[in-house]
Structures are given as C-alpha cells and as structure tokens.
Amino acid sequence: MKKIALLLALAGCATALSAQEKVVNIYSSRHYQTDEALYSGFTKQTGIKINRIEAGEDALIERVRNEGARSPADVLITVDAGRLGRAEQLGLFQPVRSAMLESRIPASFREPSGQWFGFSMRARILAYNKDKVKPTELRSYEDLADSRWKDRICVRSSTNIYNLSLMGALIDRLGEAKAEQWARAVRANMARDPKGGDTDQLKAVAAGECDVAISNHYYYARLARSEKPDDKAVAGKLGVVFPSLAGKGTHVNISGAGVLKHAPHREAAIKFLEYLASDEAQRYFADGNNEWPVVPGARVTNPVLSALGEFQYDPINVAVLGRNQPVAQRIFDRVGWK
Ligand SMILES: [Fe+2]
C-alpha cells in the first residue's frame, strides 16, 4: 500500500515538473521558413518555449519509432494526410479530445478519433500554358486521361506523397479499376518520364516542354508572389484550374499534426495544436506559405490566394487518403508511373 502511494507521489512530482518546464518538443517536416511566425507567436502567447527538430517525414517517423517510450517528442507535424496516416498506422500518436479543435476544424480535415488534425489546406491543381490550352478543356482530373493530352502532361514521380494521396482520392471516388484506367491513360499522356518536384513541372509548362502540369497550388502561388523576374515570368505564362474529381470538387490535402503517444509535455502539446487552429496562426499559414486556413471564416489577406478565388473542394475525409496508399502505390507500379 505504502509503496503504491509513494509511486503515485513520485508520478505526481514528475508530472508537476514537466508541466513547470513550460516547453514543447516538436518534430516537424514542414520545410517553410515562413513557419517561424507560427512558433514565435505561440511562445509569445503562452510563454511555452518550443524546441524544434526539422527533418524529412520518413526520417522523423523512424526517429520517433526508434526512441519509443523515451522519445522527447511531443508533437509531430507533417505535410499531407497520407504521411500522418502512416504515423497513425504505426501507432505513434495518442488520441486528443479538444472542444476547441473539434469546433474549429471541419470534420473532414481531422482524423475522426483525434489522432491528428489538419491545420492548413492545399489543393492539387492543374496549371496550363495559356498560349496552348483553354481552361474549359480541363474541368476534371478525369479529363487528363483523354488521348488529346498525349505527350502534353508533366507530373512528378508516383512515390511522391501528394500523388499517392491524389490516387487515394481517385480510388475512393471512382473505384480501384477506374482509378487504374485513369493512371494508365495519364501515364500514356506524359510528355516525359516523371522527374523533379511540383515547381519543376510548372517551369516545364512555361518552357513549352508540356502543356499542363499537376501541382500543389502553393508552388504556383510562390512563383506568382516571388520578387524574382524569372519566377514571375513562369507564373505569368500559366493559368490555373481547380479540377473536379467525380463531380465532387477539387482534391485537397492538409498539413497537420498530432500529439505523440509518449509525449512528455502532453498539455503543452495540446495547447500548441489549439494555437495552430487560432485566428492568428491560421492567418500565418495563408500569408506565409500560401495555404488556405482550414478554419471556416479565417481571414486571408494573401493577394495570390484571393486572386485564385473560391473553389469547391471534395469533402472526403482526408484520413481516407492515407488508408488507400498501399493500393495507390500498387496501381502506380502496375501502370509504370515511376
Ligand atoms: Fe510541398
């Protein structure tokens, strides 16, 4: 009896100590300099210091796994729901209930049991060469399968998480067989073998190497907002379409975060997630990295986002994208989309 009481007292001490520490340890794979405002904003508001380790997603996930119960990490931030889904399937997160997060973040942008939450939204758009393509020719992702796009499409590798998530959405909306037909047709329509990142596809369209590219919207926005004349010239040649998927709207993804299973500073971690859903942080996502806030009604003052205008997005729960990933990769492999 006594022993139990002592242990409990010790456990109480440890909790009190870590709470007093006023610190939160974040592993982040977001690679955007503009995120500094997010971190300093949080510390300013709460007095909680942030220790941050940045690395690639796979490396961070591996690190958390290896550290196990001794991991100092409280929060894992990644881009793309597919990646959060991987961490979730490995059992790295713990569920969080927060009235604030649940009321502010629409249900389709968070994992239903609270394992992770989306904080900013990115759309997988089509960018076309304005000299060669009319926007009315491209209303849907499905349109890209038409033989009229033969040798005209640029898109990055299928191992890329953005493409895996897009395929995850196609599988959900069209079924596996039709999704595979689509991938096979798009593969046949490519102007070149996949190489480079999304920005490279946009540059290839502007350079005339292909006529349409699949890209996340913020890579376009970054070029359009750039001070560099070369970047501006690339953006100036491009038109943007928000394609529909199965008539449901544009495929969107999130950048998000979850509290890790062995988080030593659980409360501070939840406070950090709640901060990311605050008006202030939501504005930073939009103004800094050109992503849309997930919180409805959050004000955006980013001129490029305003110019892109409103669009309808596919309201599928983004957790589905991660779950469909193994099937998505098998489809890409079968059709030879490297
Ligand atoms: Fe990205």
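1. Helix α6 is largely enclosed by the rest of the structure, because 11 of its 14 residues are buried. The model is a predicted one, and the points below describe that model. The buried residues of α6 are Ile161, Tyr162, Asn163, Leu164, Ser165, Leu166, Met167, Gly168, Ala169, Leu170 and Ile171.

2. From its first C-alpha to its last, the helix reaches 20 Å, close to the 20 Å expected for its 14 residues at 1.5 Å a residue. At the start of α6, Asn160 places a side-chain oxygen within 2.9 Å of the backbone nitrogen of Tyr162. After the helix comes Gly175, which has a positive phi, near 90°.

3. The side chain of Ser165 is joined to that of Asn253 by a polar contact of 3.3 Å.

4. The iron ion is coordinated by the OH atoms of Tyr162, Tyr218 and Tyr219, at 2.0 to 2.1 Å. Along the chain, the donors of the iron ion follow the spacing Y-x55-Y-Y. Tyr162 belongs to helix α6 (residues 161-174) and Tyr218 to helix α9 (residues 217-225), so this pair ties together parts that are 56 residues apart in sequence. Water is not among the atoms, so the site may look incomplete.

5. Are these two tyrosines buried or exposed? Tyr162 is buried, with a relative accessible area of 5%. Tyr218 is buried too, and its relative accessible area is 0%.

6. The count of disulfides comes to one. The disulfide is formed by Cys154 and Cys210, whose sulfur atoms are 2.1 Å apart. Cys154 lies in strand β5 (residues 153-154), while Cys210 lies in the loop between α8 (198-206) and β6 (212-216), so the pair ties together parts that are 56 residues apart in sequence. The torsion about the S-S bond of Cys154 and Cys210 is about -100°, which means that the disulfide is left-handed. Cys154 and Cys210 are both buried.

7. The largest pocket holds about 430 Å³ of space. It is lined by 17 residues, and those closest to its centre are Met121, Trp292, Pro293, Val300 and Glu310. Two elements, β9 (292-293) and α13 (303-308), each supply at least two residues of the lining of the largest pocket.

8. A last point concerns Val96. Where is Val96 placed? Val96 sits in the loop between α4 (81-89) and α5 (99-104). Its relative accessibility is 1%, so Val96 counts as buried. Between Val96 and Gly288 there are 27 Å in space, C-alpha to C-alpha, and the two are 192 residues apart in sequence.

Methods: Residues are numbered from 1 along each chain as its sequence is written. This is a predicted model: local features need pLDDT of at least 70, side-chain atom pairs count only at pLDDT 80 or more; totals for chains, interfaces and linings use all residues. Side-chain values use heavy atoms; hydrogens and water are left out. Donors are N, O and S atoms within 2.8 Å of the metal (3.2 Å for Na, K and Ca); water is not among the atoms, so sites may look incomplete. Helices (H or I, at least four residues) and strands (E, at least two) are DSSP runs, numbered from the N terminus. Buried means under 20% relative accessible area, exposed over 50%, partly exposed in between (1.4 Å probe, protein chains only). A disulfide is a pair of cysteine sulfur atoms within 2.5 Å. The expected span of a helix is 1.5 Å times one less than its number of residues. A polar contact is a pair of N or O atoms within 3.5 Å; within protein, one must be able to donate a hydrogen and the other to accept it, and residues adjacent in sequence count only if both atoms are side-chain atoms. On a 1 Å grid over the protein atoms alone, a cavity is a set of points where a 1.4 Å probe fits but cannot get out, and a pocket is an open set with protein on both sides within 12 Å along at least five of seven lines; lining residues have an atom within 4 Å of a point. Grid points are joined across faces, edges and corners, and a volume is the space filled by probe spheres set on the points.
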